[in-house]
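Got your viewer open and ready? Let's take a walk through this model, one selection at a time.

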Amino acid sequence: MKPAVQGHEAFRVVYNPSPATFPASTRNPDLLAFHRRLPGYAPTPLVSAPEAARHLGVRQVWVKDEASRLGLPAYKILGASWATYRAVEERCGPFKEWATLSDLAAQLRPSSGLTVVAATDGNHGRAVARMARWLGLEAHILVPQDMVEVRREAIASEGARVTVVEGSYDDAVDASARLSGDAHLVISDTAWDGYEQIPAWVIEGYATIYGEIDEQLRAQRAAQPDLVAVQIGVGSLAASVVQHYRRPGSLTQIIGVEPTRADCVRRSVEAGHLVEVPGPHDSVMSGLNCGRPSPVAWPLVSGGIAAFVAISDARTEDAMRLLAQDGVVSGESGAAGLGGVTQLLESADHWGCLGLNGASSVLVISTEGATDPAAYARIVGGHD
């Protein structure tokens, strides 16, 4: 692939001129049944967003609203719970048949000395800690030094030990990897050499989102979206989007969105190989402040996404306010997908590159609610 690069320092886009398709992955038949056994499982809403559609100039914008997923304010629990379950079973199992998490936790009592470990910018770590609490296990979550206190407190509220690591999210990932051992099981959504299976399970766990979307679109007698916008981060969610929407015969295009100060995937695509963006990564899109792409996600993300967009903090803040007009509470990282679409569609050139017109439909995934309520109030103001 020879990417086409457009933009300037505040906004850069790299186009993949020939996005690949991938063989339809066989969805694990146990995945949805597993998620349905978690406390409070219900499909999250698929919201029609007419104000966003009018702003973009398209026929329809759908928003998959992940502001409340299994009692947490973000989608991450879907991947974290599935990966933790599979990893714990591999370490301590096999499990006998179980109906509730209490049944499962009872099987783990002989392994009560096990601690699950994760590095996080917020949502993944809290999700791992919640799953550990459900299973009766200890959790140790490592966070970068610039994480706001309210997110640290949310992780600690799950009963986890929280350690602040001097440096960036990537430094926290490195520190978590060093803890791996007989008594510590690392549940990471990014991969490194020799550590690939658990991040792959995280990606697999997100498939429940798209099964829900398909059912919700069918109920509305609506077609599949023409464009899907997805936040990248290390690439796990984006990889799951590619797996679902870039199957053979699909006409859906995907854009991936990152902060301008942590656009490691866009720069890697431009370079043609994995590169690291050094910190500090200080965007308000804290869940996307990642300096290294996940090697497990990379083949799907680099091959299947049509455009890689880096946006400013101001752009995602505008998108938060726009989503609020449609009744969607979306945090700084949650609104980034819409921010990227808005940035692109301000130029007619990008419409043509993506094959869009006024009759097109767009799907954005609002990946989190107001995980920092004070910041949300400051940015969005009077909207509820």
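This is a predicted model: local features need pLDDT of at least 70, side-chain atom pairs count only at pLDDT 80 or more; totals for chains, interfaces and linings use all residues.

Residues are numbered from 1 along each chain as its sequence is written, and side-chain values use heavy atoms, with hydrogens and water left out.

Now show both helices whole, residues 313-325 for α13 and 336-345 for α14; they pack at an angle of about 105°, with axes 8 Å apart. Helices (H or I, at least four residues) and strands (E, at least two) are DSSP runs, numbered from the N terminus. Axes are lines fitted to C-alpha atoms, for helices over the stretch in contact, and angles run from 0 to 180 degrees between N-to-C directions. α13 and α14 are therefore roughly perpendicular to each other, the word used for 65 to 115 degrees.

Next, click on M285, in the loop between α11 and α12. Is M285 buried or exposed? M285 counts as buried, because its relative accessibility is 0%; buried means under 20% relative accessible area, exposed over 50%, and partly exposed in between (1.4 Å probe, protein chains only). Leaving out residues up to four places away in sequence, M285 touches P259, I311, S312, D313, T316, E332, S333 and A336.

Slide back to α11 itself, residues 264-271, and select its buried residues: C264, V265, R266, S268 and V269. They pack against β2 (11-15), β10 (253-259), α12 (298-304) and β11 (307-311). After α11 comes G272, with a positive phi near 85°.

How many cavities of 30 Å³ or more does the structure hold? There are three. On a 1 Å grid over the protein atoms alone, a cavity is a set of points where a 1.4 Å probe fits but cannot get out, and lining residues have an atom within 4 Å of a point. The largest cavity has about 250 Å³ of space. Select Y75, K76, D189, G287 and L288, which lie nearest its centre among 22 lining residues. α5 (123-135) and α10 (236-245) are the elements that give two or more residues to this lining.

For the second largest cavity, with a volume of about 50 Å³, select L72, P73, A74, K76, I77, N123, R126 and A127. Helix α5 gives the most to this lining, with three residues.

Two last stops. S366 sits in strand β12 (residues 361-366) and counts as buried, at 1% relative accessibility. Its contacts, beyond four places in sequence, include V63, K64, D65 and V328. Finish at G57, in the loop between α2 (50-56) and β4 (60-65). G57 is partly exposed, with a relative accessible area of 37%, and touches W351 and G358, not counting residues up to four places away in sequence.

Technical notes
Angles under 35 degrees count as roughly parallel, over 145 as roughly antiparallel, 65 to 115 as roughly perpendicular and the rest as oblique. On a 1 Å grid over the protein atoms alone, a cavity is a set of points where a 1.4 Å probe fits but cannot get out, and a pocket is an open set with protein on both sides within 12 Å along at least five of seven lines; lining residues have an atom within 4 Å of a point. Grid points are joined across faces, edges and corners, and a volume is the space filled by probe spheres set on the points. Contact means heavy atoms within 4.5 Å.
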